[in-house]
Amino acid sequence: MFKRLIINADDFGLTSGINYGILHAFLNQSISSTSLMMNASQTLEAIEIMKRYQMKCVGIHINITLGKPVSHPCDVPSLIDETGCFHKADWWFHNQANEDELILEFDNQIALFEKLTGQKPSHINYHHRYDFYQYYPHLFQ
């Protein structure tokens with residue numbers, strides 16, 4: 001049986017330093033893939049790098065614990081705090097968000113990925129290791 005080791009670099013788009021660190025790792029074949037955050041401060045820079053260097057194995061790093069949603073804040077009020085930013089990571093372990101709002105934000109992040117990159121994500125993972133399956137198992141059926 002053939003086994004393949006996948007080494008993924010997440011947080012692509014979070015900062016310029018991370019973007020160029022991931023590019024360096026990609027060019028030196030130190031990583032197999034990367035995961036792009038759609039609501040980070042340097043997402044557009046990451047997309048330019050991705051396109052310029054023809055990075056194809058790029059997934060989406062779904063994020064609901066840092067920054068602002070890609071959805072309109074009025075559409076996802078249970079996901080955000082009074083400043084319009086996502087609740088911090090520890091909030092999610094003690095509180096429940098509206099499931100329809102979670103699905104909407106996930107869908108909108110994926111749609112924005114496809115629109116801006118011109119490709120489908122090669123994989124999906126989550127920022128801050130939040131286990132949606134544990135808290136919302138019926139969303140995966």
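This report describes the sheet, one serine, the nonpolar core and the cysteines of a predicted model.

## Ground rules

Residues are numbered from 1 along each chain as its sequence is written, and side-chain values use heavy atoms, leaving out hydrogens and water. In this predicted model, local features need pLDDT of at least 70 and side-chain atom pairs count only at pLDDT 80 or more, while totals for chains, interfaces and linings use all residues.

## The sheet

The model has an open sheet of 4 strands. Their order is E1-E2-E3-E4, and the pairing is parallel. Strands here are DSSP runs of type E with at least two residues, and helices are runs of H or I with at least four, numbered from the N terminus. Two strands pair if DSSP finds at least two bridges between them.

Strand E1 (8–12) and strand E4 (124–126) stand at the edges. Each has a single partner strand, so one side of each is left without a neighbour in the sheet. From one strand to the next, the twist averages 30°. Angles run from 0 to 180 degrees between N-to-C directions, with axes fitted to C-alpha atoms, for helices over the stretch in contact.

Strand E2 (residues 33–36) pairs with strand E3 (residues 58–62) over 3 bridges. Ser-35 stands opposite Gly-59 in E3. Helix H1 (residues 16–27) packs on the sheet and touches E1 and E2. A contact means heavy atoms within 4.5 Å. The direction of H1 makes about 155° with that of E1.

## Ser-33

Ser-33 is found in strand E2. Ser-33 is buried, at 6% relative accessible area. Buried means under 20%, exposed over 50%, and partly exposed in between, with a 1.4 Å probe and protein chains only.

Leaving aside residues up to four places away in sequence, Ser-33 touches Ile-6, Ile-7, Asn-8, Ala-9, Cys-57 and His-123.

## The nonpolar core

The largest nonpolar core has 26 residues. Such a core is a set of buried Ala, Val, Leu, Ile, Met, Phe, Trp, Tyr and Cys residues joined through side-chain atoms within 4.5 Å. Among the residues with the most contacts inside it are Phe-12 and Leu-36. Helix H2 (43–52) is one of the elements that supply at least two residues. H2 gives the most, with 4 residues.

## Cysteines

The count comes to 0 disulfides, each being a pair of cysteine sulfur atoms within 2.5 Å. Cys-74 is in none; the nearest cysteine sulfur, that of Cys-85, is 15 Å away. Cys-74 is exposed, at 62% relative accessibility.
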